[in-house]
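Subject: Structure for your review

Dear colleague,

Please find below the structure that I would like to hand over to you. My notes on what was found in it follow directly after.

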Amino acid sequence: LSIIADQGSAATDREIYCCSTDEGDCVVSKMKKTAASHLSEGNLKDALHTLNKCLALQQKLNGKESVEVADTFNMMGTIMANMGAEYNYRAMTAFEQALKIYQQQIGFGSEESAA
């Protein structure tokens with residue numbers, strides 16, 4: 001499995017990860033740390049961009065209906081909800097996707113799917 005992940009906002013700051021599927025979780029973790037770093041610096045668009053790439057990788061590794069994918073949709077929704085009115089629809093769509101997956105994987109009415 002070969003993965004190209006952006007590290008930073010410059011086009012030249014790219015790393016290529018070659019790993020087995022088992023190592024994919026490590027790459028996802030690094031991408032989430034990068035997104036968290038962008039968030040702490042107030043770079044919401046960079047954080048969202050990184051999480052979007054993370055989402056694509058998670059969908060390949062864990063399947064489109066995995067709880068990990070739902071967690072990432074939820075994080076993306078939270079970021080977009082803080083990016084202004086023009087992102088509200090996208091934020092709601094991300095939250096709805098997360099909720100749908102949580103309900104399928106964890107169950108309707110469960111405490112985890114309500115959070």
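In helix α1, the residues Gly 24, Asp 25, Val 27, Val 28, Met 31, Lys 32, Thr 34, Ala 35, His 38 and Leu 39 meet Leu 44, Asp 46, Ala 47, Thr 50, Leu 51, Lys 53, Cys 54, Leu 57, Gln 58, Leu 61 and Asn 62 of α2; contact here means heavy atoms within 4.5 Å. Sorted by class, this contact of α1 with α2 holds eleven nonpolar, six polar and four charged residues. In that sorting, Ala, Val, Leu, Ile, Met, Phe, Trp, Tyr, Cys and Pro count as nonpolar, Asp, Glu, Lys and Arg as charged, and the others, Gly among them, as polar.

Please note that this is a predicted model, in which local features need pLDDT of at least 70 and side-chain atom pairs count only at pLDDT 80 or more, while totals for chains, interfaces and linings use all residues. Residues are numbered from 1 along each chain as its sequence is written, and side-chain values use heavy atoms, with hydrogens and water left out.

Overall composition

The protein has five helices and two strands, arranged along the sequence as β-β-α-α-α-α-α. Helices (H or I, at least four residues) and strands (E, at least two) are DSSP runs, numbered from the N terminus. Of the 115 residues in the protein, 36% are buried; buried means under 20% relative accessible area, exposed over 50%, and partly exposed in between (1.4 Å probe, protein chains only). Among contacts between residues at least 6 apart in sequence, 47% join residues at least 24 apart.

Helix packing

The axes of α1 and α2 are 8 Å apart, and the two helices pack at an angle of about 165 degrees. That makes α1 roughly antiparallel to α2. Axes are lines fitted to C-alpha atoms, for helices over the stretch in contact, and angles run from 0 to 180 degrees between N-to-C directions. Angles under 35 degrees count as roughly parallel, over 145 as roughly antiparallel, 65 to 115 as roughly perpendicular and the rest as oblique. The crossing of α1 and α2 is left-handed, a term used if the near helix is turned anticlockwise from the far one by less than a right angle, with right-handed used if clockwise.

For α2 and α3, the packing angle is about 165 degrees and the axes are 9 Å apart. Helix α2 is thus roughly antiparallel to α3. The crossing of α2 and α3 is left-handed, and their contact comprises eleven nonpolar, five polar and one charged residue.

The axes of α3 and α4 come within 8 Å and cross at roughly 155 degrees. These two helices, α3 and α4, are therefore roughly antiparallel to each other. Helix α3 passes α4 in a left-handed crossing, and the contact of α3 with α4 has twelve nonpolar, six polar and two charged residues.

Nonpolar cores

A nonpolar core is a set of buried Ala, Val, Leu, Ile, Met, Phe, Trp, Tyr and Cys residues joined through side-chain atoms within 4.5 Å. The largest such core has 18 residues, and those with the most contacts inside it are Leu 48, Phe 73, Met 76, Ile 79, Met 80 and Met 83. At least two residues of this core come from each of α2 (44-62), α3 (67-81) and α4 (88-105). Helix α3 supplies the largest share, six residues. A second, separate core of six residues includes Val 27, Val 28, Leu 57 and Leu 61.

Individual residues

Not counting residues up to four places away in sequence, Ile 79 touches Leu 39, Leu 44, Ala 47, Leu 48 and Leu 51.

Val 28 belongs to helix α1 (residues 24-40) and is buried, with a relative accessible area of 8%. Apart from residues up to four places away in sequence, Val 28 touches Cys 54, Leu 57, Gln 58 and Leu 61.

Thr 50 lies in helix α2 and is buried, with a relative accessible area of 5%. Its contacts, leaving aside neighbours within four places in sequence, are Met 31, Thr 34, Ala 35 and His 38.

Lys 45 is also in helix α2, but counts as exposed at 57% relative accessibility. Lys 45 and Met 83 are 38 residues apart in sequence and 8.3 Å apart in space, C-alpha to C-alpha.

Yours sincerely
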